[in-house]
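Hi,

Here is the structure I promised to send over.

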Amino acid sequence: MVNAIKEQRDLILNQIRAITRGDWKVLIIDENSKKIIDNAVKEDDILNENITNIERIEDRREAQKDTDAIYLLTPEPHILDCLMADFEKRKYRKTYLIWTSLLEAPLRRRIDVSRQASEQLVLPVSTLLVDFFPRESHLITFRDKWSFPILYHPSCNSLVLDHMQMLAQKITGICVTLGEYPKIRYYQPRNPTHEANVLSMHVAKFVQEELDTYAKYNQDFPPPSTRPQGVLVITDRCMDLMAPLVHEFTYQAMAHDLLPIKEGEKVTYQTVVHQGEVDEEEKELELSENDKVWVDNRHIHMVYTIDKLRNDFKKFIDDNPNFTGADANGTSTNAIKDMLAGLSQFTATKEAYSLHLGVATDCMSIFTRSKLMDLKIVEQTLATALDDDYRKPRNIAMDLLGLLDGNDVSEVDKLRLLLLYVLFRDGVIREDLQLLLKHAVLPPYKEQLVTNLDLIGARTTKILKENRPLRPPIFSLKPAPAANEEYPLSRFDPAIKTMLEGVTTGTLPQDIFPYTPQSRPLDDSDAINAQAQTSLRSAKPTWARNRMSTVESRQRIIVFMAGGATYSESRACYEVGKQSGRDIFLATSHMVTPSLFLKQVEDLTAERRKLDLPADRPKPKAPAHLFEREAPKPEPVRAPAAGGMGFPIYPTHVGGAPRPNNAPLPPAPVTYDPRLTQGMSNLAVNAPQASGSGKLEKKGKPGGLVVEEEKKKKKGLFHRSKK
């Protein structure tokens, strides 16, 4: 199965390898490009490609004028300033330049007109389009939580156009990295009431332009492949406002919802292992693709997660008796060697199981303490508009009031319930909304948070006796499943799952998800291709086909969710991909948890200055030390003058520090200024100098020295003594 992390890693390493070609070079990076590299590539993998060392362009660095340098940089103005400062000082012999994304024309012209750059830069300059962060094999983020307010906050309208173009460039980079020139579809809501309803359309248009331009100037794109043409679907948070509010009970989504997991360059959680035992301790768990226990269990319903972790852990212990003392006969030399070789891996895996058991236990403790069992019954009804018998719900308002009046439900959970109810009713009378807030004992200012949903596509209020039809759902309601449904209290599916099922079967409605003009098919080829892939999967071919060819033939579908995606939506992409035999990638600006979603919605009416947007901060500048003049080289050190008894006079202080009495004297250096002509050099050589013995050397014949040995020969000191 294709892995987005590996694809980006290979792209970066292949570019470095193509430049080094066995010659040693230094790699120069900046703060942002370092984050991209660290996310996908190990430092040792880079050093193994004939890289002597990796340095930050913002840091103080020694010049290496006899070494070539590879610059892998972010195309930002202050980073270009750093690069131009290096050109000015000629820090390296030759420069190979790689940008992580497109360099804007005004910045590119600065390099084009620079004489120093033209003398040092090796052409052509490369652009990798890797300005994104694969978080999982099929999940990619931009680590940009500011995207939500920029796209939906009324005071950020001036930033929207540039931001959409930036999103389009990053999406194009994902397509190029995966080798896809896809058909593009986008979400077009029915009867929209919010200003941002054209967001997906504009992003799709910009992506189409970027891809077409890239293909025009790169004749080898897309690379040849046996896969069907990929599909890119661009949508935004407005398509599904339920998903960020509903409690999800699969392991990954539940952990991110209920636990204080830290999200940054790494995703970590502090937990206690061996609780209640002698060796109890607190440890930090990193949740990443390198953690096989996490990868194997993150999409499993919590009903089974703890039992599965325990059973897998027991099986792991049983499969490794050498490390548990169960195998008493494993005392041979070879057995001990094998045991020592696998000890670190055994310890790491054992610790991973212990940590995940602690995380799952923490989740279930909160689940029980917060009465989430009672809460999710009402949540599922509100989110699906159907009760547990798949019928139109009755008395849902009374069930809601029972939870809002209770003391066991937290304030945040009451607010989530209230928002779900408003969305379910497609708006309520304002007086009823205020009454519901009082029942929930929520402060009156939370009313603003509820009505802020209007800015992202909801209708939260209506007038008494207003005769307006209910807004139809994007997709028709699913029929009741078989009686043996696995999770009756997890009936809600994110809209993205139904959308992807439509893509894979060729039944996605084109009025809600139209194509861009360049991608529009002339016939029903999508439906035909979907049926063809289904029939190929169900057929039993007589020819042999290895696993790699099967992977290569899988169609790739990329979904971009503007405004942030949820972990339930990520899970849905994996599930549909597995069911349909396709590789489905979810890309988004950032991952959304319920608490973050509530905060971001609440801030949609806050003053822009309080948002602390990166665009409103002072622009970063290149460090001042890069523009400092290099200190002049010290004057050549002359031999010290001779003192009494012919010994040279040395200072007692070197560099301001006194020389210890018993420290040996440094040798007297004899240096010459290389700028002297040969004639001047001869004069300097023949001038009286202090010798190592403390005596002055005499001037000999022109062009030579009279050495002490010749003087001694004349005295017969080296003649053999007569016996």
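What percentage of the 723 residues of the chain count as buried? The figure is 45%, where buried means under 20% relative accessible area, exposed means over 50% and partly exposed is in between (1.4 Å probe, protein chains only).

Before you dig in: this is a predicted model, so local features need pLDDT of at least 70 and side-chain atom pairs count only at pLDDT 80 or more, while totals for chains, interfaces and linings use all residues. Residues are numbered from 1 along each chain as its sequence is written, and side-chain values use heavy atoms, with hydrogens and water left out.

**Whole chain**

The chain has 25 helices and 18 strands; these are DSSP runs (helices H or I, at least four residues; strands E, at least two), numbered from the N terminus. Of the contacts (heavy atoms within 4.5 Å) with a separation of 6 or more, 78% come from residues 24 or more positions apart.

Helix 15 (residues 396-405) has Ile396, Leu400, Leu403 and Leu404 as its buried residues. They sit on the same side of helix 15, because they cover an arc of only 100 degrees around the axis (taken from the directions from the helix axis to the C-beta atoms). Their cover includes helix 14 (372-384), helix 16 (411-424) and helix 17 (430-439).

How do helix 15 and helix 16 cross? Their axes come within 10 Å and cross at roughly 165 degrees (lines fitted to C-alpha atoms over the stretch in contact, with angles from 0 to 180 degrees between N-to-C directions). Helix 15 and helix 16 are therefore roughly antiparallel, the label for angles over 145 degrees. On the helix 15 side, the contact is made by Ile396, Ala397, Leu400, Leu403 and Leu404, and on the helix 16 side by Lys414, Leu417, Tyr421 and Phe424.

**Two single residues**

Gly179 lies in the loop between helix 8 (157-178) and strand 8 (183-186). Gly179 is buried, at 11% relative accessible area. Leaving aside residues up to four places away in sequence, Gly179 touches Phe221, Pro222, Pro223 and Arg227.

Glu119, in helix 6 (residues 115-120), is partly exposed at 43%. Glu119 and Phe87 are 32 residues apart in sequence, with 8.9 Å between their C-alpha atoms.

Cheers

Methods. Parallel < 35°, antiparallel > 145°, perpendicular 65-115°, else oblique.
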